[in-house]
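Please find below some comments on the model under review. They are set out as numbered points, to be read alongside the sequence and coordinates.

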Amino acid sequence: MTSIIINPNSRKKIIWDVLVLAITIFATVYIPFAIVSDISNSGLYKIVSVVITLIFFLDILVAFHTGFYEQREFISGKKRIRKRYLKRGFVIDLISVFPLFFILTLVLTPENQHVAEYFSLLRLLKLFRVKKTISRIRNNKHINPGLIRMSLLSFWILLSAHLISCAWIAVWDDPALLNPLNSSHPYLRAFYWTMTTLTTIGYGDITPNTSLETFFVIIVELIGAGMYGFIIGNIANIIANIDVAKSQYQEKMEKVTTFLRYKHIPLDLKTKIIDYYDYLWESRRGYDEATILEDLPKPLQTSVALFLNQSIIQKVPIFEGASEEFIKEIILNLKPVVFTPGDYIVVKGEVGYEMFFISSGIVDVVSEDGSLVYATLGPGSFFGEIALLLSVPRNASIKARGYCDCYSLDKETFDLVLVRFPRFAKRIREMAEKRQEETEQKQLKRQEVAEKLRSKSEENE
Ligand code: CMP
């Protein structure tokens, strides 16, 4: 007979694990409370106890049918699953489900019945077995890790405080009588005492009387001292890591501003530099797309680049209808670059080694001295192609109006792409010719106007 083998990563198994986790937490809270509050004889407690036992028992059956991963390989052999489970986990699962409490109730004399109740605390051992589900939650990449760590820390603190409170009620000689003026519930009083002791505040309004109580208090004080340091250290660490990108950025900014001050950089340049970093933070959370994932294997890097750069491909009209192969070739060779307001991205007369695609921002195509604007280009446009196509110096200058996010494509790749994809070569050539003509005409017109003005002034003289 073939039996089902469950994948530990399947949705159903995850839901089951979360259910077992919830039941375990509930049991950890409810069972000790029920014992010290004398409600463990109630019918409700008995029903709840049976349900908990049943679910824990089912979990053992599930564990015998759940495969596992070894070096990323799924192991589904029944023998190996059984061997592995018997070696780790089974004993704890068995103890936590074993109905020792029921057996002892039958065996023990009526006066000693309360001893049996304490054996149901063995259910709490299950807490060690749900660690995996908790670490799965901790490793969830969709939730802020700082938030998860903070929640888990609070959870463990509250759970420990609850268990200590219950233990304190158990060793405390009649808590209700200790302070007849205080009408609050004994559990609440015990919890209050636990919190003041654990946080090392210790008001001293509830003090030990018997040896057992004194011994218990010493232990809790020791736990409190250790826990206090642990909590403070953890919280400091969590806060520092709540937004790693932000703290790294702030650290970088501190370094940069110290350097600028140390080198006496003029104020306007300093403002421009700080402004640039602010823009990097606002537009990309300070990450450098080109280097952040450079240690990934090549195929993964390709997938990331394809994803990150796909928006620019959609924006550029000359890429419309291009083949997948062509897009891949271009995308993999695009490098993100940022220009600050007023930057000359391209200078007329210089040799061109790359062309640019605008992702966001606006640039002006201007004459050498910037006095004549030939055109204005926005997102989805490109520039710098003429020098690459014709191997001539740049025919105009390009000036960024504000911050400009561009992608550069080097000459080598550009030449390769032209040869391999003639349709793209034709389109870009047509565009370049049109632009060249337009610019030349505008230059001519300007010369004519200047000429006319000069001859007019000569005539007047
Ligand atoms: P290149 O000559 O390499 O460098 C300057 C760039 O400005 C040029 O390539 C074109 O991409 C761009 N350019 C020149 N004239 C115009 C125009 N009239 N309209 C749009 N872009 C232009």
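1. A nonpolar core is understood here as a set of buried Ala, Val, Leu, Ile, Met, Phe, Trp, Tyr and Cys residues joined through side-chain atoms within 4.5 Å. In this predicted model, the largest such core has 28 residues. Those with the most contacts inside it are Ile 31, Ile 52, Ile 55, Phe 56, Ile 60, Tyr 85 and Val 130. Two or more residues of this core come from each of helices H1 (11–36), H2 (43–64), H4 (90–97) and H9 (145–171). A second, separate core comprises 27 residues, among them Ile 331, Ile 386, Phe 414 and Phe 421.

2. Leaving aside residues up to four places away in sequence, Phe 56 is in contact with Ile 23, Thr 24, Ser 96, Val 97, Arg 123 and Lys 126.

3. Regarding confidence, the protein has a mean pLDDT of 88, with 97% of its residues at 70 or more. The lowest confidence falls in helix H10 (residues 175–178), with a mean of 53, and the highest in S6, at 96.

4. Strands S6 and S7 pair in the antiparallel sense over 4 bridges, and Val 366 has Val 373 in S7 as its bridge partner. The two strands form a hairpin with 6 residues between them, and Gly 370 in the turn has a positive phi of about 80°.

5. Ser 367 lies in the loop between S6 (363–366) and S7 (373–377). Is Ser 367 buried or exposed? Ser 367 counts as buried because its relative accessibility is 5%, against a cut-off of under 20%. Its side chain reaches the backbone nitrogen of Ser 371 at 3.5 Å. Beyond four places in sequence, Ser 367 touches Leu 372, Tyr 374, Ser 397 and Arg 446.

Definitions and conventions
Residues numbered from 1 in each chain as written. Heavy atoms only, no water. Buried < 20%, exposed > 50% of the residue type's maximum accessible area, 1.4 Å probe, protein only. Polar contact = N/O pair within 3.5 Å; in protein donor to acceptor, adjacent residues only side chain to side chain. Contact = heavy atoms within 4.5 Å. Pairing = 2+ DSSP bridges. pLDDT = per-residue confidence, 0-100.
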